[in-house]
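Subject: Structure handover

Hello,

Here is the structure for you to look through. My notes follow below it.

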Amino acid sequence: MAPGPIGGRVGVFVDPSSARFRFARFALSALGLAGVAVCAAVASGESVGRIIDLTHAFDSETIFWPTEEGFVLEKGTEGVVDQGYYYAAHRFCTAEHGGTHIDAPIHFHADRWTVDQIPLDRLVGPAILVDVSERCAEDPDHRVSVSDFETWEKQHGRIPDASIVLIRTGFGRFWPDRKAYLGTDERGAPAVAKLHFPGLHSDAARWLIAERQIRAVGLDTASIDHGPSKQFESHRVLFEANVPAFENLAGLDELPASGFLVVALPIKIRGGSGGPLRAIAILPDDSAESRAAVSDPPPRPTDPAPRGEAPTHYGPS
Ligand SMILES: [Zn+2]
């Protein structure tokens, strides 16, 4: 079973002369109501809405699986060169699976999409947020169940088909404290048996695929399967159906239950099983404050910005 792309018109814009037409088609053909609201705002030129960063920065603190080395930024040139201008260029080394990243379906299933093969319409679309943080505070090994989704649907209505489903376990608030976030701060293969954090139950993964035809699923823990998992069944269920997973998401505490758009674009590694991901959410917001925020050009820095600091409140939870 290898379902093809869904909402395949996203990104196929035939008339480059009409931005308004393109956005309207984008919204109506592929994105549903959340996309319509966001895209109508964009097409009107009034506002792009509020943009939430769902991505943790990559640095030496970034959490990786206990068997991985972590992110390394190898400093290259940094400073004024002989010709008199400033120049900076570094190198980085990273495992595919660490920090905010995507699992491509081939991560746990042969003959499924590698990260470069995932159609863009799996990575851009209307999204919902299921908040199970109370359950996960009581049980750090909680597996999000079909009944958790049914509870959400009683409050918010049916999860629209072809949604990106985000799960807020609340564990994002522990980042980058490895012991609190993973259940252990030990490294190496023996530490894997000591992992404790919530994940998605494989029955719920099957339900999301069969009953709601989801585009993708993501959460604020290190794995779509909960920490004690040995068989990684939810990974296997999702990836057999070519449904990608986003892990270690940030900023989920800033999202509403529904009515927003997610754009989650990974590094395009040919043949890769996953990779670093820049994920954002776009919320429709027509408030005067929001319009001012997007219509005023950002200030041009006259002094060097403080290094390593996020410029806004959009940082990790
Ligand atoms: Zn992964």
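Two residues are in contact if their C-beta atoms, placed from the backbone, lie within 7 Å. On that basis V217, leaving aside its neighbours within four places in sequence, is in contact with V165, L200, L208, I224, L238, V243 and A245.

Two notes on the source. This is a predicted model: local features need pLDDT of at least 70, side-chain atom pairs count only at pLDDT 80 or more, and totals for chains, interfaces and linings use all residues. Residues are numbered from 1 along each chain as its sequence is written.

The chain as a whole

The chain has seven helices and 12 strands. These are DSSP runs numbered from the N terminus: helices are H or I with at least four residues, strands are E with at least two. Of the 317 residues, 41% count as buried. Buried means 20 or more other C-beta atoms within 10 Å of the residue's own, with C-beta atoms placed from the backbone. Among contacts with a separation of 6 or more, 74% join residues 24 or more positions apart.

The largest nonpolar core holds 62 residues. Such a core is a set of buried Ala, Val, Leu, Ile, Met, Phe, Trp, Tyr and Cys residues joined through C-beta atoms within 7 Å. V165, L166, A216, V217, L238 and A281 touch the most other members.

Helices 5 and 6

The axes of helix 5 (residues 202-212) and helix 6 (residues 233-240) come within 8 Å and cross at roughly 15°. That makes the two helices roughly parallel, a term for angles under 35 degrees. Axes are lines fitted to C-alpha atoms over the stretch in contact, and angles run from 0 to 180 degrees between N-to-C directions. From helix 5, S202, A205 and R206 meet E233, S234, V237 and L238 of helix 6.

In helix 6, the buried residues are S234, H235, V237, L238 and F239. N242 follows helix 6, and its phi is positive, near 60°.

I118

Where does I118 sit? I118 lies in the loop between strand 4 and strand 5 (124-131). I118 is buried, with 24 other C-beta atoms within 10 Å. Leaving aside neighbours within four places in sequence, I118 is in contact with A104, W113, L123 and P244. I118 and P244 are 126 residues apart along the chain, yet their C-alpha atoms are separated by 8.1 Å.

Best wishes

Definitions and conventions. Angles under 35 degrees count as roughly parallel, over 145 as roughly antiparallel, 65 to 115 as roughly perpendicular and the rest as oblique. A residue is buried if 20 or more other C-beta atoms lie within 10 Å of its own, exposed if 12 or fewer, and partly exposed in between; C-beta atoms are placed from the backbone.
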